[in-house]
Amino acid sequence: MPPAVDIVAAPWNLGLRPLAPGHEPGTWRAPSALLSAGLEARLRPARVVELDRPPYAFDPQPATRIRNGVTLRAYTLRLADEVRTTLAAGRFPLVLGGDCSILLGCLLGARRDGRCGLVHLDGHSDFRHPGNHDADASLGSAAGMDLALATGRGELLLTHWPEVGRPLVADRDVVQIGDREGGEGGELPPGFRLTAGEIAHAEADDVAERVIRRLERRGLDRVWLHLDFDVLDERVLPAVDSPGSPGLDFPRLTRLVSALVGTGRIIGLDAAIYNPELDPDGTYAAPLADCLASALAPLTTVEVSP
């Protein structure tokens, strides 16, 4: 069987605010750390594409109230091309970030071939937009806005795209899993939601079954899976910019992703927010790489839809 996976490394931090004045967020280091921890050796991908690291701007860019918005649009279009190339070849794109803003390029690449749903597996709603915060008061950070932007809320710069327009995904085609904050201002898109509290003690197979039923009811056979590692409980993964609790442990996250991928409905996955600078001894890179490699094992036996 030919290799089923392409790995696309998207080493950027454009969607995050600095954790300290004048210091870039360290998530751009994550793709290299995960590959070095054995992920490439385990998956044996058909190809590994390493995108350039984009320049990070501390100051506002012209004509946008989103941090690094102009740069982010350019790199989103580049990432979308790579995702589409992989899908056209009948392979599964695994996109390693970076921060959650990589979701936009992933969905854009998938949407160029038609409707695509989204499973948003994240410890936060990432639903900040001008309707629930004051865009003039501070720069918006796309990593906390990715779901809002993907559903068409916010500046045209990051919501309207060539060939696709807006939105990248319809509200009711979104499944959100793991949010522990209840959304910005209590507002969330009217899709399907399982909070961190609801899944904290649930069996992974039961959570997967509920998600799969939703996808079936919506008639979604092309679905992108977004994985923010902060859906893991901070007790098992503190090396993210916004750790929290409750959350999943590694075995349950692996089983959940594996069950979803095993349906054949998931056409690609992006993984984001691991920050190696918060893990100076590299303690967490290996279990993260193992989680992804184990979860994608179904690709060796399940045909991936192009």
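A residue is called buried when its relative accessible area is under 20%, exposed when that area is over 50%, and partly exposed in between, with a 1.4 Å probe and protein chains only. This is a predicted model, in which local features need pLDDT of at least 70, side-chain atom pairs count only at pLDDT 80 or more, and totals for chains, interfaces and linings use all residues. Residues are numbered from 1 along each chain as its sequence is written, and side-chain values use heavy atoms, with hydrogens and water left out.

**View 1. Ile 273, a buried residue with a positive phi.**
At 5% relative accessibility, Ile 273 counts as buried. Its phi is about 85 degrees, a positive value, although Ile 273 is not a glycine. The residue lies in the loop between strand 8 (266-272) and helix 8 (285-295). Helices (H or I, at least four residues) and strands (E, at least two) are DSSP runs, numbered from the N terminus.

**View 2. Ala 63, an exposed residue with a positive phi.**
Ala 63 also has a positive phi, of about 65 degrees, and is not a glycine. Its place is the loop between strand 2 (47-50) and helix 2 (69-88). With a relative accessible area of 85%, Ala 63 is exposed. Most residues other than glycine have a negative phi, and most peptide bonds are trans.

Arg 166 and Pro 167 are joined by a cis peptide bond, with omega near -5 degrees. Pro 167 is located in the loop between helix 4 (146-150) and strand 5 (174-177).

Pro 246 belongs to the loop that runs between strand 7 (223-228) and helix 7 (250-261).

**View 3. The chain around these sites.**
Eight helices and eight strands form the secondary structure of the protein chain. The radius of gyration (taken over C-alpha atoms) is 17 Å, close to the 19 Å that the globule rule (2.2 Å times the number of residues to the power 0.38) gives for 306 residues, so the chain is as compact as a globular protein of that length. Of the 306 residues, 58% are buried. Among contacts (heavy atoms within 4.5 Å) between residues at least 6 apart in sequence, 75% join residues at least 24 apart.
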